[in-house]
Amino acid sequence: MSTRRFISPAILCVVPFFVVFAAFQLAPLVFVAINAFSVGDGWGLKHFQEIAVSAFYRQAMWRTLEIAIVSSLAGIVIAVLTCYSLTRLGGRWRRLLIAFTNMASNFAGVPLAFAFIILLGANGALTLALQRVGLFEDFSLYSRSGLMIIYTWFQVPLGVLLLLPAFGTLRAEWRESASLLGARRHDYWRYIGLPVLWPSIAGTLTILLANAVGTYATVFALVGNNYNLMTIRIANLVAGDLFLQPELASALSLLLVGLLATITLIQQRLLRRSHHVTDH
């Protein structure tokens, strides 16, 4: 009887979540960490040293960061503008565009890569049409610029879905009050709109960075092993027939985890310094 009295039903409802979280998040992370420091019969930093001295793995890290940062920044800018436009549109068009955004956010991986190959590949419909009018002469979907385009494409719908509720918190009364007090449009966004939206924008940018850094299916379906990214290298080290090195793959994975943790800590520090957080 006493046990039933002290166990809250709310706690019992959360137990399945913690079980799944421990099984599919914590346990793999612990396994990766153990393998990353496992060297023969002992422990050491050999795998991290190998990554540090290898120009090949350093290039993979740099290219992953480059594409992730550029696509995330482009995606967040387009998402902010799109969310602003959606708040100004009527109900019918808004519902239509939100439905399209929901569909586009789930259109990723191999189908997305195949769609871009049909549209912007070497013999894609849009590529051939633009080449006839003298454009896209040197463009290649399978290059860095092509990857940035396809990364940005799947970043935008996710950014819109995450930011749209934040734009809904902006009240029309704030704009009217600011206008009555003599504030211009850019003053309103500088002192009211953006400070209120800043935590959501920073949080969404962090999610977009994590989404880009961890992308594998789309880029592998598009370029295979022909472009050096960390996710491609990890997959090759785990599933490769000639270069099977799961311990080295674990070290690369742990570096990715550290990178994402660093981004999250930076975001949290920026949030603490934002006007929205300090005012509350």
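Q: Buried means under 20% relative accessible area, exposed over 50%, and partly exposed in between (1.4 Å probe, protein chains only). By that rule, is C83 buried or exposed?
A: This is a predicted model, where local features need pLDDT of at least 70, side-chain atom pairs count only at pLDDT 80 or more, and totals for chains, interfaces and linings use all residues. Residues are numbered from 1 along each chain as its sequence is written, and side-chain values use heavy atoms, with hydrogens and water left out. The relative accessibility of C83 is 0%. The cut-off is 20%, so C83 counts as buried.

Q: And C13, is that buried or exposed?
A: C13 has a relative accessible area of 63%.

Q: How many disulfides turn up in the whole structure?
A: A disulfide here is a pair of cysteine sulfur atoms within 2.5 Å. Searching the whole structure with that rule, the number of disulfides is zero.

Q: What share of the protein's accessible surface belongs to carbon and sulfur atoms?
A: Areas come from the Shrake-Rupley method with a 1.4 Å probe, and for residues only the protein chains shown count as cover. The total for the protein is about 17,400 Å². Of that, the carbon and sulfur share is 67%.

Q: What part of the protein's residues count as buried?
A: The C-alpha trace spans about 80 × 75 × 35 Å along its principal axes. Of the 280 residues, the buried part is 34%.

Q: Which residues of helix α12 are buried?
A: Helix α12 covers residues 230-239, and it is mostly covered, with seven of its 10 residues buried. Here they are: M230, T231, I232, R233, I234, A235 and L237.

Q: Which residues does T64 touch, leaving out those up to four places away in sequence?
A: T64 sits in helix α4 (residues 55-88) and is buried at 5% relative accessible area. Contact means heavy atoms within 4.5 Å. With those sequence neighbours left out, T64 touches V213, L229 and M230.

Q: Where do E66 and R144 lie?
A: Side chains of opposite charge can pair when their charged atoms come close. The rule for a salt bridge is a side-chain nitrogen of Lys or Arg within 4 Å of a carboxyl oxygen of Asp or Glu, and the side chains of E66 and R144 meet in one at 2.8 Å, N to O. The two are 78 residues apart in sequence, so the pair ties together separate parts: E66 in helix α4 and R144 in helix α8 (residues 144-167).

Q: In the salt bridge of R184 with D187, how far apart are the closest N and O atoms?
A: R184 is exposed, with a relative accessible area of 55%, whereas D187 counts as buried at 17%. A search of the whole structure finds two salt bridges. In the one R184 forms with D187, the closest N and O atoms are apart by 3.4 Å.

Q: Why is the pair of F37 and F48 called tilted?
A: Rings of Phe, Tyr and Trp (its six-membered ring) pair if their centres lie within 6.5 Å; planes under 30 degrees apart are stacked, over 60 edge-to-face, and the rest tilted. The structure holds nine aromatic pairs. For F37 and F48 the centres are 5.2 Å apart, and the pair is tilted because the planes are at 40°.

Q: Which residues make the nonpolar surface patch of about 470 Å²?
A: Patches use residues with over 30% relative accessible area and no salt bridge, joining like charges within 9 Å and nonpolar side chains (Val, Leu, Ile, Met, Phe, Trp, Tyr) within 5 Å. F17 lies in helix α2 (residues 9-36), and ring pairs link F17, F18 and F21 into a cluster. The patch is made by V14, F17, F18, F21 and L26.

Notes: Helix = DSSP H or I, 4+ residues; strand = E, 2+ residues; numbered from the N terminus.
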